[in-house]
Amino acid sequence: VNIQEYISTGILESYVLGLATNKEKLEVESLARQHPEIATELRAIEDALEKYSLNKAIAPPLTVKEALWAHIQTGPKRIALPTKTIQEAPPASGTSADNMIRLKPWLVSAALILIVASLGINALLYPRWQKTEEQWMALLSEKKLLAAQIQINNAPFKSSDQQFTWLQHPGLQVIALKPTGMDPHAQATVYWQPATEELFLAVHHLPAPPPGKQYQLWVIRDGKPVDAGILALQASSKQMLHSMKSIPQAQAFAITLEQAGGSSSPTLDAMYVIGNV
Amino acid sequence: LKTIHTPLTYTEKDLVESLQAGDTTAFSYLYDNYSAALYGLLLRIVQDDTLAKDLLQESFVKIWKYIGSYDSRKGRLFTWMLNICSTHAFEMIRSEVYKQSFKTLESECTTCSATDGSDHTDNYDYKVLDTTLENLPPEQAMLFMKIVYEGYTHDEVSKELKISLGHVKTLTRSAFIHLRKLQS
């Protein structure tokens, strides 16, 4: 192996960033043992990453350490504990025993029972606590999600208020669009105010459009179909009135399924609903 | 980063030995000296301080739990800890819950153009806090961000940026060489 060439491939950086494959890892580790240059280079990369991270350090809130400490002191035993034995306390000698309160055997047993019971309860409660913590995390994320959704939902609510007022204006034409046979349940209603030329569409039922397709509303004017706007892809909410194009005159309205983005003339054999004014 | 909480100082070898023996004083020292570096990293990955706080705590629990399996012959302790934190944070940003809340936030922004179909955002504005990267050539800075902050594998970067895998690796090296120069 040409060491310099090997180093220049960037494999050592991959290794430090945890991006090397298992095979590459073994290779880097074995080469680092054989070639001090590789070991030195690895160390330099790691040092750079550490220095960079320390330069960009941001102190965490103090509560994290407190919570961490509480966790560690009540948490489970660590995995792969080293074999080092904990130094045993020196046995109580006769002289020091004189200074100690003589413990009654029943007191010792009572204390032991308490300890065992407390350990048992810990063991019982720990998984539950852990589960609660997980649920709490999930709830936190959900809360954020909901907060964001509320803001979005507010917008349609405001406009449905306006829609309601608009629907009460005199002169409003309500045209029910009936199924043509493509889908017996297809149904939609057009709300049209000829005075202001405003046009709204409510879809009661249309089959979900296949990918790449979109429904398009047409107005038949002087016997010719004219585009009256395409239906938003995510038109899922039945109650919503969809604002369409301004239409001064109309004899009929129809909806066809078209390529996403709409067509310039309707595909007549993909007409789902139609209704005369 | 010297702290007053722990007057002790350790060599890395002593620190590892004490940690592996279950010494909480050593763990406190480790936390005091490295939590800020790791918290900064987590913040830059998840862009949310509540989430970063949780991830930091969980990562340190992992560090404490698995310190017995850390092998100093395979690399430095800090590298090992950093990898634990990044892996944990990348799992989070790839989780459905995180993606959902991210998408919701994005759809709130009416001026945003439609997504280009990738799961990752290409908007780095909020990462400008990382001023060091501004000194890197743009291609290297972009690569560094994708790998270190967005959890891209070399393979994924290679596909997204349409450059060969070998080139991705050498570019990563160039970015590191730049960083090393900036720090010396």
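How many residues of chain B are in contact with chain A? Select both chains and you'll find 69 residues of chain B in contact with 58 residues of chain A, where contact means heavy atoms within 4.5 Å.

Before you click on: this is a predicted model, where local features need pLDDT of at least 70, side-chain atom pairs count only at pLDDT 80 or more, and totals for chains, interfaces and linings use all residues. Residues are numbered from 1 along each chain as its sequence is written, chains are lettered from A and ligands numbered from 1 in the order in which they are written, and side-chain values use heavy atoms, leaving out hydrogens and water.

Stay on the interface. The two chains bury about 5600 Å² between them, 64% of it on carbon and sulfur atoms; that's the accessible area (1.4 Å probe) lost on being put together, summed over both.

Next, pick A:Lys65 and B:Asp32. Their side chains meet in a salt bridge at 2.8 Å, N to O, one of seven across this interface (a side-chain nitrogen of Lys or Arg within 4 Å of a carboxyl oxygen of Asp or Glu).

Now colour the side of chain B that touches chain A by class: 30 nonpolar, 25 polar and 14 charged residues. Here Ala, Val, Leu, Ile, Met, Phe, Trp, Tyr, Cys and Pro are nonpolar, Asp, Glu, Lys and Arg charged, and the others, Gly among them, polar.
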